[in-house]
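This briefing is meant for someone opening the structure for the first time. Please keep the sequence and the model side by side while reading.

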Amino acid sequence: MDSPQRKFKLGTAELLLAFSILVLVVIVAVPVVLIIATAFFENGKLNVAAIMKVLRDPDTYMALWNSIVIATGTTIVATTIGVFFAWLVARTDLPFKKTMKALFLVPFMLPSFIGALAWKILLSPRAGYITKAIMAVFGLEKAPFDIMSIGGIVLIESMYLFPFVFLQVAAALERMDPTLEESARISGAGLLTITRKITLPLVMPSILAGALLIALYSLAHFGVPAILGTEKGIYNIPTKIYERIYSSGGSMAGIKVGTVLSTILVISAAIILKIQDLLLKKGQFQIIAGKSMRPVVLKLRGLKVPLLIVCIAYLTFTVVLPTVTIMLVGGLKTYGLPIAPQNLSFNNYIDLFKMKLTTDSIYNSLVLSVGAAFVTMLAGTMISYVIVKMKVRGKFMLQFLGVLPFSLPGTVIALGCILTWSGRFGVNLYNTAWIIFVAYIARYMAFSIKSNSAALEQVSDSLEEASRACGATHFQTLKNIVLPLVRPGMISAFFLIFLPALRELTTSVLLYGPTTRTIGVAIYALNEDGETVRAAALSTVALVIIFTGEIVIRKFLARLQREDT
Amino acid sequence: MAYLSLKDVTKRFSDGTVVTAVNRLNLEVEKGECFSFLGPSGCGKTTTLRMIAGFEDLDEGELSVDGQIFSSSYKKYYLPPENRDFGMVFQAFAVWPHLNVYRNVSFPLEIRRLPKHEIHERVSRALKYTGLAKQEHVFPKQLSGGEQQRIALARAIAINPKVMLLDEPLSNLDPKLREEMRFEIKDLQKKFDLTIIFVTHDQAEAMALSDRMLVMRDGVVQQVDTPLGIYDRPANEFVFSFIGLSNFIPVEKSVSGVRVAGENQAGEVGLRPDSEGSAFKMACRPSEIELAPDGAGPGVKAVITRRTYLGDIVDYLAKVGGTEIRIQKPRRGSNFAAGDKCRLVFNKARWFPAG
Amino acid sequence: MSDIRFHSVRKTYGSKTVLQDLNLHIRSGECFVLIGPSGCGKTVALRLIAGFETPDEGEITIGERVVANAKHALPPEERRIGVVFQDYAVWPHMDVSENVAYPLKMRKTEKAESQRRTADAVAQVDLAGYERRLPSQLSGGQQQRVALARALVAEPEVMLLDEPLTNLDANLREEMRFEIKDLQRKTGSTILYVTHDHEVALAIADRIAVMDPKGNLRQIGTPEAVYEHPADPFVCRFLGVSSFVEMEKKGGRFVIRGTDFSVGNPPAALADESEALAAFRPMDMTISRPSGAIPEGSAEGVVERTSLLGPIIDFRILIGEQKVRCQIQTEEAVARNVIIEEGSRCALSFHDAKWFSAVADGEEEA
């Protein structure tokens, strides 16, 4: 007679759980704990005095105030732009809608600090090309506006962040159940009344979700305030943290100030996420249609052409102009010369590739982003499986740790990694590429978990159970059934991480060493050193790499999708 | 004169190739009638309803309601949906989640700028008759599917519509609730003297609810009749097989009548076809055929090959040589088992051309 | 072949006890249907046999083997069962033959034999020619057949079917019912079929067990036995349309409350009661159109609703203050001219009645 096996054994499930906990604790939990510990404790004792000192410092206030002002301004402006264009694309008969929709996502691809660099070149109060032109035309003594200001930061950030809202709202508008509007129509309401009383309230949750994402991003953003604000002494919290750490030469005192500021940042981020959560819970409406039918579309009639021109103008202004500027300035023989063929040369670009700085930074960025994306993809898949599919106690801890990085700005993660991996536990990764590697994994883990969880949720439990009933062990089931089905989620996780990691600045700017610069850091460093032309040239190279990467990946993903269906 | 009339209405869609979704449809619905459109998915019934509502415009033909033309290809006229004064209930309820029950129902009345006290009166009345009087301030997501559908009904009734349009209103509800709601709709129709047009793919629903109905296939109307007429006197093979269960038995003319094709030994079918020809398809419902024990007497000799107990009804499969025939009899008084020989007695049939 | 036994099985989720003390014997080779309302625990019972859940107390055996008890449980892959799920659970990234061959692959069956048996199983469910198709290219009914073939291919002792027909439309459901019954007869495997649909249950079962919302078995028997002689009102209501009429003692006989009309033969057990419940199936009464007085042996009623449901006409009739439901085949109704209009009088004669005590348990279905 067969005897049934013992209930508790070291099986596949138990190993997965243990490993997942290990990864999340080491990569996410420890850095966060250390930040809090360093901020609040001195020599093992709660030290409030030091915290108060930092909080009372007028510089801190200023930085916090600026952060809030910039974030608020950016959110309002970007949301307005985003909703306007989303509505145009999803709900009117604007010509070339499909193309427009794709083009509106291009600002997303442009790293905003490169955009800031371009606009600085164009609009800086003294040397900006456009500024000088306007001053000449109107015979002005002083620049009519200053891009290196809070207003300028808000403007530039909005330009490149609005796709957050655009995507969410356009999707909601397109997928909305048309009978919700049809029933309003048959009730007697005209199109304007419907938009006002039905459509807008129903997409409000999507608008708010996008707006809050923008607020979160802006609060934690380093690049634009760094390029446009630092020179004038305008700091937000991330740039302030950077300034404190570098002005103190990386000393513990500077780091301590950094941790206190980080805590403020994390608390603000947590508050925003909580608000978003509450708003979404309260206002979450089931408005998605099952079958796809065409939604109600407004006929623009006479406004068609003018609005199309507005869209094209916007895209030219925000995408084409800065890109062309960067390309041309990168080729200038000397900065400040007017942009004319005799002043341009290819030599800059050729010289660029002779520089070790360039080749190193490109190599570093590529290796780090591919490596981090790959590892994070795998780890995220494993952790998602435990969270979504396994019935174990203590799952909520994993869920919490998995989502935590969403509310941790890149600066904070970098700081946490410095504290964790500078020899405290016997491992010193400081100034090596590994510390950036680990920071990227922490930073992007949440994306991987989110993407993989979404894919896993599509894999119904019965698919696994059917495999077990057919005689497959848990491990065989994972290999034959789960992994193949979750592949799309894994791949999208990879690219969700690879591209942002390739062009980011916020995290690596705090972690780089002499030989471990990333592309973002290299451009930033060149700008700091006043080498505007070189910075522009390297930016152009970066843009080429990024755009090529985006297009190649999009084609690859499209091909995969077609294979899978 | 008909209250709602469709004349030669045609609708085409082009998605690469041109598809005629509705082909020269003619229909007259009387005031106070409950009229249903029945057919397989893709037959054009929903498109027709949407043309009546105004969400699609007809390519050819004319639609008029209560003497007024709503859409005409001849006169190049089209009245948009918001001006047609119809009440409509959708399959997925389409109640607005951000408005409570009261505001959902009062919305169309507010659009019409009715005075406040009249709005209140109408809304209260509509809610009372749909059983939602106590739920005025509740939001849709706190209510069940059936209750949400009632909100939609109340909203449609409150405007005293010319015509009520229902697009598969009960499909998303579970079977017990569906039955209940059928009766509620019927009651509301009587109480408010409504003219109702509704679309469904569920035959039982169409037959239970309608005064008259039409069966549609590939854009063409197959038959317009009362439910009993459609069931008992189907116009063609399609209608016969679409509604209820059916047997199509190949038969050929014999000396004294008709025999099952190729089964001369089995005996005569005691009926005569009503048209010329030597071969037919005899169409019978399983519940029309009598089962008699083996022995002398009229009927076709057969063998029971399958007996399935269904509760009140017993379902038999009988074979006449190579032809399979299905019979359903009440449990009371039918005691055949698989393997028994028996006689099939035909009292009624319809005749269609063979092949 | 094997039989399945539950010995005093108990299963709890948190504070909710789904199965209290389940004892059940499913005989080898029979098609056994476990029917009950949603959430009653019938699916849990199936999952316990499959191994997706483990019992808190008690024991489950398949044939000679103890597959699970409170201390040990055989994992699903070692139980040699076939399972068909409600959502088919056909793997979208594998084609039909890969899906069907999977159990053989897991048992490391030799290639040639695996191909032969897969082809056999595919043919058995009428899908020959579809081997290379992906599930996304198949209809719901075809996917269900793939699931069936996959469950059959390894010739399991036991087959478990969890509401496999719920997601199919009415016509397909009927067809598949017959196919499943045919397959069972051919293979002779023991089948446990779980459902809430009484029509399917009556049509395919050798024996039926009715489970109430608390997880208790109310009655086990053949379809005829359970349908025509239900053990209590819950079973009666659950297996089909039924009318419950309150009866009161008048002049030594049971009459319909509010009338003088007496019905049938109440059992001796109720002889001393002053009240009782009589239950009727819709075809246990015959309706007729009275011309003048109500004939002897029939009760007078008023037709509240007449519904044509295709082959059946359904009447809701008021007798006194009680409602009963009567059905008749449409052809007969037309022939005897008994399609009575709503609001008109009718005469009803009753045939069988199922008698229950008036204080019958209040265990209503959900």
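Predicted model: local features only at pLDDT ≥ 70, side-chain atom pairs only at ≥ 80, totals over all residues.

- Strand β11 of chain C, which covers residues 243-250, pairs with β12(C) in the antiparallel sense, and four bridges join the two.
- These strands belong to an open sheet of four strands in chain C, where the order is β12-β11-β13-β19 and the pairing is antiparallel.
- At the edges lie β12 (253-256) and β19 (354-357) of chain C, each of which pairs on one side only, and from one strand to the next the twist averages 40°.

**The domains of chain C**
- The domain assignment divides chain C into domain 1, given as 4-232, and domain 2, given as 241-362.
- Taken over C-alpha atoms, the centres of domain 1 and domain 2 of chain C are separated by 39 Å.

**Two packed helices in chain B**
- Helix α2 (residues 101-111) and helix α4 (residues 145-158) of chain B pack with their axes 8 Å apart and at an angle of about 30°, which means that α2(B) is roughly parallel to α4(B).
- The crossing of α2(B) and α4(B) is right-handed.
- On the α2(B) side the contact involves B:V101, B:N104, B:V105, B:P108 and B:L109, which meet B:I151, B:A154, B:R155 and B:A158 in α4(B).
- Seven nonpolar residues, one polar residue and one charged residue make up this contact of α2(B) with α4(B).

Conventions. Residues numbered from 1 in each chain as written. Chains lettered and ligands numbered in written order. Domains from an automatic or database assignment. Pairing = 2+ DSSP bridges. Axes fitted to C-alpha atoms, helices over the stretch in contact; angles between N-to-C directions. Parallel < 35°, antiparallel > 145°, perpendicular 65-115°, else oblique. Left-handed = near helix turned anticlockwise from the far one by under 90°. Contact = placed C-beta atoms within 7 Å. Nonpolar A, V, L, I, M, F, W, Y, C, P; charged D, E, K, R; others polar.
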